[in-house]
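Here is a short briefing on side-chain pairings and packing in one protein chain. Look over the sequence and the structure, then work through the points below.

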Amino acid sequence: MTQATTARGEWSRAWPVAIVGQLGIAGCTIFAFATGVLLEPMTAELGWSRTAFSSAFFLQMVAGLVILPATGWLADRYGPRRIALLGLLPYTLCVSLLGVVGTPLWQWWALSLLMAATQGFVTQTIWISAVVGWFQRSRGLAIAVALSGVGLGSFAWPILAAMALEQFGWRWTFAVLAAGWLALMAPLFLLGFKDPPRDAAGPSEGRGKAWLATVRSPTFLGLMLAGGLFSCAYFGATVNLVPIIKASGQPLSGAAQIAGALGLAAIAGRLLVGALLDRFPTRPLAVAVFLMLPLASVALLNADGSWPLALLGTILIGFATGAEMDVVTYIAARTFGARIFTAIYALFTSILAICASLGPLLAGFLFDLTGSYQMFLMTIIPFGVIGAAVMAVLPKSPT
């Protein structure tokens, strides 16, 4: 693929890669978004606490620190298509097996870890690897289209899970959702998902040295610091958004309606910033995205019953949430090199997931300590400012 390739030419040849990537990313979020619907019937029948139920998420995130870089390295070496093909059926089977869990909690942990192992073959990093290889002139928009699969999953899986729960019960719901995704995904994958051209992947020698040099580089460390602070802040705010809005003086129904704007703002932010990344300098956009969190925090701190300010704060959080991963993925793709991109990106997203899991803990701790969310909202401000400052001084990535 040459620099003379037009954006229109890229889309005419590779649009199925971006669409399959979107569906693939949506599919690997089944556990994250469907289990929210299944939490109550599962804990009621199995006698677990909600903390015990949720512990599986933390175990999966820790396991991802090993699993995702490993599958990313395999994708860099053998191509994302082969790796995804190996994972489609095992991942579907492992999600389905979640429905046979018994009362002992260790079974839930073991099945969740088994699912996480197979999920590594069909996770976000595998699909983004192909998108990055196929798109150059319109890479920002293509990344945004693929990553919008997270928004698609957050919208579709709770609805589908609720429908399946009524018809089949929670044990069969896992199998129904996984089989439905595979039935849609498999033919599209086989017909439309292709490995990038060989020249996009670069030479294979020296991957280990390149990987070590990259994880020690100022760009990787800077992205990890800024992205980690951002992830901690936004996930803590997202999980606690309804009680935060209620604390500002809104009734429960009003808080839920305002919180509903979060998902739409995230999708809008992802697609808009993805398109802008193809046309404007990256650094100013990155700084602007990271500064949205402090602005959102200020709006929520001053809402005090004001519906417009609460809505503004929610929209800013959603917009920033959607745009942030576009920005860091785009910078990573331009900086780290195609031959090791997937392994590096997998490690990076695993670290961000760990940081994100700390956000709700921080919000809950500060609420228990002070009796309000004001301290947490004030903490978001320096997190966002530090992240913006780091993005402003990152070494300039190659064109």
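Across the whole structure of this predicted model, a search turns up 12 aromatic pairs. One of them joins W48 and W108.

**Aromatic pairs**

- A pair of aromatic rings is described by two things, the distance of the centres and the angle of the planes.
- For W48 and W108, the ring centres are 5.6 Å apart.
- Their planes meet at 40°. Stacked needs under 30 degrees and edge-to-face needs over 60, so this pair counts as tilted.
- Where do the two partners sit? W48 is in the loop between helix 2 (30-46) and helix 3 (50-78), while W108 belongs to helix 5 (residues 105-119).
- The pair therefore ties together parts that lie 60 residues apart in sequence.
- Is W48 buried or exposed? W48 has a relative accessible area of 10%. Buried means under 20%, so W48 is buried.
- W108 has 0% relative accessibility, so W108 is buried as well.
- W48 and W108 also belong to one aromatic cluster, together with F31 and F53.

**Salt bridges**

- Side chains of opposite charge can pair when their charged atoms come close.
- How many salt bridges does the structure hold? There are 2.
- E45 and R171 form a salt bridge through their side chains, with N and O 3.4 Å apart.
- This pair links distant parts of the chain: E45 is in helix 2 and R171 is in helix 9 (residues 170-192), 126 residues apart.
- R171 has 30% relative accessibility. That value falls between the 20% and 50% cut-offs, so R171 is partly exposed.
- R270 and D326 form a salt bridge too, and their closest N and O atoms are 3.5 Å apart.
- Here helix 15 (residues 261-277) supplies R270 and helix 17 (residues 307-335) supplies D326. The two residues are 56 residues apart, and the pair links distant parts of the chain.
- R270 and D326 are both buried.

**Nonpolar core**

- In soluble globular proteins, nonpolar side chains tend to be buried together.
- The largest nonpolar core in this model has 119 residues.
- Which residues have the most contacts inside this core? They are M42, W108, W127 and M391.
- Helix 17 gives the largest share of the core, with 13 residues.

Note on methods. Residues are numbered from 1 along each chain as its sequence is written. This is a predicted model: local features need pLDDT of at least 70, side-chain atom pairs count only at pLDDT 80 or more; totals for chains, interfaces and linings use all residues. Side-chain values use heavy atoms; hydrogens and water are left out. Rings of Phe, Tyr and Trp (its six-membered ring) pair if their centres lie within 6.5 Å; planes under 30 degrees apart count as stacked, over 60 as edge-to-face and the rest as tilted. Helices (H or I, at least four residues) and strands (E, at least two) are DSSP runs, numbered from the N terminus. Buried means under 20% relative accessible area, exposed over 50%, partly exposed in between (1.4 Å probe, protein chains only). A salt bridge is a side-chain nitrogen of Lys or Arg within 4 Å of a carboxyl oxygen of Asp or Glu. A nonpolar core is a set of buried Ala, Val, Leu, Ile, Met, Phe, Trp, Tyr and Cys residues joined through side-chain atoms within 4.5 Å.
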